[in-house]
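Dear colleague,

I am passing on the structure below, together with some notes on what came out of the analysis. Please read the notes with the model open beside you.

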Amino acid sequence: MFTSYFEMEMEADRLYMRKDFHAALEILDEAIRLFPDQFMYAAFYQYLIHGQLGQFEAAFDLLKALHQKGFACPPNWLERFPGLEKLPGFSKVLAENTRLLDQAKNSGQMRYQVHLPDGYSSDRTTPLFIVLHGDGLGGDIEYQSWFWKPEVMLDQGMIVVYVQSSQVYYPGCYGWIKDYETSKKDLQNCFDQVAKQYPIDLARVYLGGFSGGAIMSTEVALSNALPIKGWIALCPEIKPPSFTRENLVRAKNRGLKTVFLEGEEKAWLPDEQDMLHLFDEIGFPHRLVINIGIGHAFPEDMNTKLNAALDFLTA
């Protein structure tokens with residue numbers, strides 16, 4: 001029935017949204033059995049569900065299992081469930097979690113993955129689309145490229161580059177918005193390396209991302225950190241530092257456009273409302289898309305929405 005872990009996670013999401021938590025836990029158990037390499041994603045998901053249900057011993061056991069495989073969770077995930085603190089051995093587990101986090105902090109480095117369109121030739125320039133993962137859980141190239149698939153951009157004749165941040169949030173999970181300047185250096189480094197390898201059409205460079213990647217895409221666009229012509233922001237729920245009236249006017253004058261997408265259950269949060277209001281006020285070219293029936297998540301029809309967003313940006 002399922003051909004990948006990520007399909008099973010989407011089914012768990014559907015069950016979770018229906019508050020069928022026990023069924024969601026069961027399918028995640030099956031996902032671990034079928035796809036043991038994806039243990040981290042499934043175990044973190046189960047940890048959060050057990051914690052929300054008040055099943056602190058089960059959550060605690062998962063945390064210890066994650067530690068045994070070298071994974072740790074951010075401190076606020078431990079603080080989220082006060083019942084954990086009352087369990088025997090909590091202080092030892094907390095110390096191990098801290099040790100693993102500290103060990104991981106210095107291990108990160110920017111990396112990227114390139115996909116070339118059919119018919120690519122080094123004899124001519126080619127448009128480029130850069131994709132940024134979210135922050136934290138799912139913050140890596142593999143996760144992002146499954147939900148934000150390269151085929152949509154490849155079918156439009158673009159080189160597609162997925163970039164992974166050098167900033168480790170916790171083992172196996174990366175992010176952008178803890179340090180915007182470091183992230184800009186990562187992206188400039190990636191762009192320079194890709195531009196040396198492949199002739200890029202500098203008039204057709206686009207950017208997009210989910211969550212922290214959406215926020216970072218907005219920051220890059222408005223700070224003019226890279227020569228982009230438009231960006232797609234899925235769940236950009238925080239206003240980045242470069243989002244100012246002056247920078248938005250400059251971006252408009254450079255011919256930039258954007259598409260903002262948000263889940264129905266989140267639309268629109270205060271920072272997003274402020275950004276959208278300013279788009280309207282200065283007449284910045286933009287489109288808004290509401291993803292019905294979900295919150296902070298990838299829509300099931302992501303490919304269709306990406307196609308529509310690209311049509312708008314490239315028109």
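Throughout these notes, contact means heavy atoms within 4.5 Å. The model is a predicted one, in which local features need pLDDT of at least 70 and side-chain atom pairs count only at pLDDT 80 or more, while totals for chains, interfaces and linings use all residues. Residues are numbered from 1 along each chain as its sequence is written, and side-chain values use heavy atoms, with hydrogens and water left out. Helices (H or I, at least four residues) and strands (E, at least two) are DSSP runs, numbered from the N terminus.

To begin with the cores: a nonpolar core is here a set of buried Ala, Val, Leu, Ile, Met, Phe, Trp, Tyr and Cys residues joined through side-chain atoms within 4.5 Å, where buried means under 20% relative accessible area, exposed over 50% and partly exposed in between (1.4 Å probe, protein chains only). The largest such core has 68 residues, and those with the most contacts inside it are Y47, L84, F129, W148, M153 and I232. Helix α3 gives the most to this core, with ten residues. L84 touches Y47, F56, A59, F60, L78 and F90, if residues up to four places away in sequence are not counted. A second, separate core of 39 residues includes I215, L222, I228 and A251.

Next, the helix pairs, for which axes are lines fitted to C-alpha atoms (for helices over the stretch in contact) and angles run from 0 to 180 degrees between N-to-C directions. Angles under 35 degrees count as roughly parallel, over 145 as roughly antiparallel, 65 to 115 as roughly perpendicular and the rest as oblique. For residue classes, Ala, Val, Leu, Ile, Met, Phe, Trp, Tyr, Cys and Pro count as nonpolar, Asp, Glu, Lys and Arg as charged, and the others, Gly among them, as polar.

The axes of α1 and α2 come within 8 Å and cross at roughly 170°, which makes α1 roughly antiparallel to α2. On the α1 side the contact is made by Y5, M8, E11, A12, L15 and Y16, and on the α2 side by F21, A23, A24, I27, L28, E30, A31 and L34; by class, this contact has twelve nonpolar, no polar and two charged residues.

Helix α2 also packs with α3 (residues 39–52), at an angle of about 160° and with the axes 9 Å apart, so that these two helices are likewise roughly antiparallel to each other. Here F21, A24, L25, L28, D29 and I32 in α2 meet F39, A42, A43, Y45, Q46, I49 and H50 in α3, and by class the contact has ten nonpolar, two polar and one charged residues.

By contrast, the axes of α9 (residues 180–197) and α10 (residues 212–223) come within 11 Å and cross at roughly 80°, so α9 is roughly perpendicular to α10. Y180, S183, K184 and L187 in α9 meet I215, M216, E219, V220 and S223 in α10.

Lastly, some single residues. K19, in the loop between α1 (5–17) and α2 (21–34), has a positive phi of about 65° although it is not a glycine, and K19 counts as exposed at 62% relative accessibility. C235, in the loop between β7 (230–234) and α11, has a positive phi near 65° as well, but C235 is buried, with a relative accessible area of 0%.

With best regards
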